[in-house]
Amino acid sequence: MKIGTVLSYVAAMSLAATMAQAGTSKMDFAKVYEKECQGCHGPIHQGGVGADLRPKALKKKNKQMLVDTILEGRPGTAMPAWKAKFSRDDAAGMVDWLMNWKNTVELKLDLDQIKKSWKKLADREALFKKYPTPTDVKSVKDIVFATERDASLVDFIDGTTGKVLSRHKAGFAVHVTVTNKRMPRYAYSISRSGRLTMFDLNAPGQPAVASVQVGQESRGLAVSPDGKYVMAGNYNPGGAVLCDAKTLEPLKVYPTGSVIDPDGNIGPSRVAYIADTPYAPYFSFALKDGGHVYIVDYSKPGFPVVGDIPNIGKILHDAFENEGKQMGRFVYVASQGSDLMGVVDLKTKKLAAKIYTGPGTKPHPGQGSSWYNKRYGQLNATNSMNVGNVVIWDMNNEVVANVPTAGGGLFIGTSKDTPYLWSDCVLGGPANYNKVYLINKQTLKTDRIIEVGKKEGRLIDAHSGKVLQTWDATQYQTVKGKEVDSKISKEKLVTYTEKHGPAVKKPVQPRLLHAEPANHGKWTFISEWTTGRIGVYESETGKFVKYIYNMTTPTFTYSVEHRQEVPGA
């Protein structure tokens, strides 16, 4: 059965189930679940960051308690309050839908069907010859990628000026963008809706040159350091897909529809992180539900799995690699169901250690941080989802510090050009998710706090409480662009204007996330999910520089220059 046919069938079954359970609510529960819930609770409701929501797991729970949880959220977890978007009737209808949901279609990863979705969108070789150097920037390494979640866009921005160069329709909730380290003119994005897209950064407007539908729901993405291969990971159907990095031709699939989990049960598993490494010709990826990490050797015929590391922990998620000596040898894998970071040694292909982050913490390093400290040597850090805590450990896998923050976070980042770890509090609730903590990499203490209010932004000295800088944080209505056809590629673009819309009469609390160093370290970009803008800050001081406006739920930014240096990125 074709992927497109399968997806249509799934949609039809979901619609039928939605209509059967709607009651007096007019909410499309299947559509809302897909957009807002499955990222944490899984495409087949099996749980992950969030709880297992399959009927068997819900049948013993009190319906009214579940309704209240949807409306009010659950403090100390990633579950927000939905009462601003859900009526009580909507919440009750959602609970009914969940309690009666049936997994009617079990998707399977099929290489032949994936190949049928592979599309050439532009003549890559002609563009390669016509544009040997970048046309829109001095160097492609100056480019920053940005994702606009709800607008299904990936944007390219000049990291030296903040100018938006182009915006591309690239699938719902573009999740990750990466660059080809060997050939940095090529960039790739993967959307939660399973679309893998390749772009040429040298050509005018950074056109898409190829795409392929690798699954129904996807997350991870990595490119081999030799520039030959790109690998994408799926939540549904579970598995990973290896493609040619120059063409996106699918080469091999790694199904994870039947694996053994940490409890000894056999079942399907989603694929969470995927990472390349400069240490060896390997990709590694996590079986989220299986608790394993697989290692693939792409230098050997057939691209075999050469390592299988089991029993790391429950609910594996994202990961990052060490910098410094033997860079990229160790992969630090978040186990959110066991509250630990597993340390996978790519040399021995074994689990080297388990670093416990604390009860109920649910580590989420995002891009992670690895840096040199004068006292401890090479250090590494992760954020924690459920509590305001940054956990820092050394190369002996011993925790050397726990740094408190205002609330649970998803991302912690740094670069060689900033003295700080930049840690968000995006899960800390409205009172705290407008803050980013700047933690000194040598003292391991918070030096500064960026706090953006509804009207004013502040840079605060964390030791004295003194306000070091203020700036105008007036919110403006997003000026939406028009969808147009590309003149170079068979793709849809969205126009952009720098003009402000009218000031928002009822501003919302800014929600800050994913600090990313850019422009050779001089600037750091921070997305503001709720306000439709990206803040630009000085990497060395944390001082505010400017805003990039007119975006829809910006989430992640990725710098070509920075990601050229970070192992696994």
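Is Lys 362 buried or exposed, and what is its relative accessible area?

Modeller: Lys 362 is buried, with a relative accessible area of 18%. Buried means under 20% relative accessible area, exposed over 50%, and partly exposed in between, with a 1.4 Å probe and protein chains only. First, the ground rules. This is a predicted model, in which local features need pLDDT of at least 70, side-chain atom pairs count only at pLDDT 80 or more, and totals for chains, interfaces and linings use all residues. Residues are numbered from 1 along each chain as its sequence is written, and side-chain values use heavy atoms, with hydrogens and water left out.

Back to Lys 362. The residue lies in the loop between strand E22 (350-356) and strand E23 (369-373). Strands (E, at least two residues) are DSSP runs, numbered from the N terminus. Phi of Lys 362 is near 50 degrees, a positive value in a residue other than glycine. Most residues other than glycine have a negative phi, and most peptide bonds are trans.

Ser 152 also has a positive phi, of about 60 degrees, and is not a glycine. Its loop runs between strand E2 (143-148) and strand E3 (153-158). Ser 152 counts as buried because its relative accessibility is 14%.

The backbone holds a cis peptide bond too. It joins Asn 236 and Pro 237, with omega about -5 degrees. Pro 237 sits in the loop between strand E10 (229-236) and strand E11 (239-244).

One more loop residue: Ser 415, between strand E27 (412-413) and strand E28 (420-424). Ser 415 counts as buried, because its relative accessibility is 10%. Leaving aside neighbours within four places in sequence, Ser 415 is in contact (heavy atoms within 4.5 Å) with Lys 441, Pro 517, Gly 521 and His 562.

Now the sheet. E27 and E28 belong to an open sheet of 6 strands, ordered E27-E28-E29-E30-E31-E32, with antiparallel pairing. Two strands pair if DSSP finds at least two bridges between them. E27 and strand E32 (467-472) are the edge strands, each pairing on one side only. Inside the order, 5 bridges join strand E29 (residues 435-440) to strand E30 (residues 446-452). Leu 438 stands opposite Arg 448 in E30.

Last, the packing. The largest nonpolar core has 52 residues, and those touching the most other members include Ile 143, Tyr 188 and Leu 221. Such a core is a set of buried Ala, Val, Leu, Ile, Met, Phe, Trp, Tyr and Cys residues joined through side-chain atoms within 4.5 Å. A second, separate core of 21 residues includes Ile 44, Val 67, Leu 71 and Trp 97.

Key: Helices (H or I, at least four residues) and strands (E, at least two) are DSSP runs, numbered from the N terminus.
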